[in-house]
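Please look over the sequence and the model below before reading on. The briefing begins with a definition and some notes on the model, then turns to the chain and to one residue.

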Amino acid sequence: MTNVNPYRTFFETEGHNLGRKRLDLSDLFPENSDFRNYMIIIAGRCGSTWLGRMLQGLGFVGTPNEWFNTQGLPAYYAKRNARGLADYVKQTAKLHPVFGVQINPERLFHLEELIDFDKTFAGFATIDLRRRDFVAQAFSFARAHRSGRWHNVQGPPSEVEDQDVWRMIRYIIRNEQRIDKWYGNCKLSPLRLNYEDILTNPDAVILRILLRLSRKNELPSYSPLPQPQKRNGDGSTDTAYLDFLGRYIDQIEAIHTDRSRANWPKFIRRR
């Protein structure tokens with residue numbers, strides 16, 4: 001593992017020394033009378049883009065983008081003509097009536113080294129989004145890494161090796177276990193959502209989120225939104241996925257049995 005913090009590197013390269021004291025940015029966020037600000041912890045390849053677009057389409061709970069995505073950060077930062085981390089957060093937050101952000105566990109832990117989470121995100125609603133079918137999720141990760149295409153991928157999927165899929169399963173399970181431990185340490189009880197729920201009943205998912213965000217513990221008026229998001233692939237049977245399940249069903253079932261405590265070096269095949 002590397003000890004280099006990509007956020008510290010980025011902001012200090014931009015000429016803004018962050019020092020060693022973690023920042024309290026709590027006064028930079030909007031204070032909406034109806035809805036709380038929120039953070040969605042995402043597992044990756046779990047419908048986060050789709051969910052973000054649905055929430056944006058509501059028009060009253062902001063746009064929960066990956067504002068701290070290390071690949072997208074330079075463009076966001078330049079667009080806002082920001083000067084340092086605090087100013088970037090300020091310039092981003094003021095664009096929304098309610099501030100929402102999506103972030104994966106790895107980036108969250110890096111950001112926590114620079115920001116005092118207890119103070120900065122006090123009062124935020126916490127939402128956890130992951131995927132029940134971690135094998136399909138791992139295939140999606142592996143194919144995206146192989147092809148370089150992450151969204152709206154049409155046509156036959158890229159071919160990947162078994163070791164690529166197992167590497168992504170290790171990554172998924174490890175991140176789930178790390179973030180669950182973090183929730184416990186922070187005494188957080190996130191709203192837990194799954195990709196499969198978005199797929200089968202997206203409106204129910206949105207209603208659950210709105211109830212969690214509501215300061216009055218009541219739902220606003222809601223009309224179902226159109227669902228323009230397309231699933232990746234060409235709609236045909238994923239034979240590579242099915243063949244993988246057939247080869248490794250014993251190991252996969254062992255992980256399913258106790259996913260939260262699975263000893264991933266033991267259960268997950270290395271090659």
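Helices (H or I, at least four residues) and strands (E, at least two) are DSSP runs that are numbered from the N terminus. This is a predicted model, in which local features need pLDDT of at least 70 and side-chain atom pairs count only at pLDDT 80 or more, while totals for chains, interfaces and linings use all residues. Residues are numbered from 1 along each chain as its sequence is written, and side-chain values use heavy atoms, with hydrogens and water left out.

**The chain**

- The secondary structure of the chain comes to 12 helices and four strands.
- The radius of gyration, taken over C-alpha atoms, is 19 Å, close to the 18 Å that the globule rule (2.2 Å times the number of residues to the power 0.38) gives for 271 residues, so the chain is as compact as a globular protein of that length.
- Along the principal axes, the C-alpha atoms of the chain fill a box of roughly 55 × 45 × 35 Å.
- Of the 271 residues, 48% count as buried, which is defined as under 20% relative accessible area with a 1.4 Å probe, protein chains only.

**Ser 214**

- Ser 214 is placed in the loop between helix H10 (202-213) and helix H11 (239-257).
- With a relative accessible area of 10%, Ser 214 is buried.
- A polar atom of the Ser 214 side chain lies 2.9 Å from the backbone oxygen of Glu 218.
- Not counting residues up to four places away in sequence, Ser 214 touches Asp 34 and Phe 35, where contact means heavy atoms within 4.5 Å.

Methods:
Buried < 20%, exposed > 50% of the residue type's maximum accessible area, 1.4 Å probe, protein only. Polar contact = N/O pair within 3.5 Å; in protein donor to acceptor, adjacent residues only side chain to side chain.
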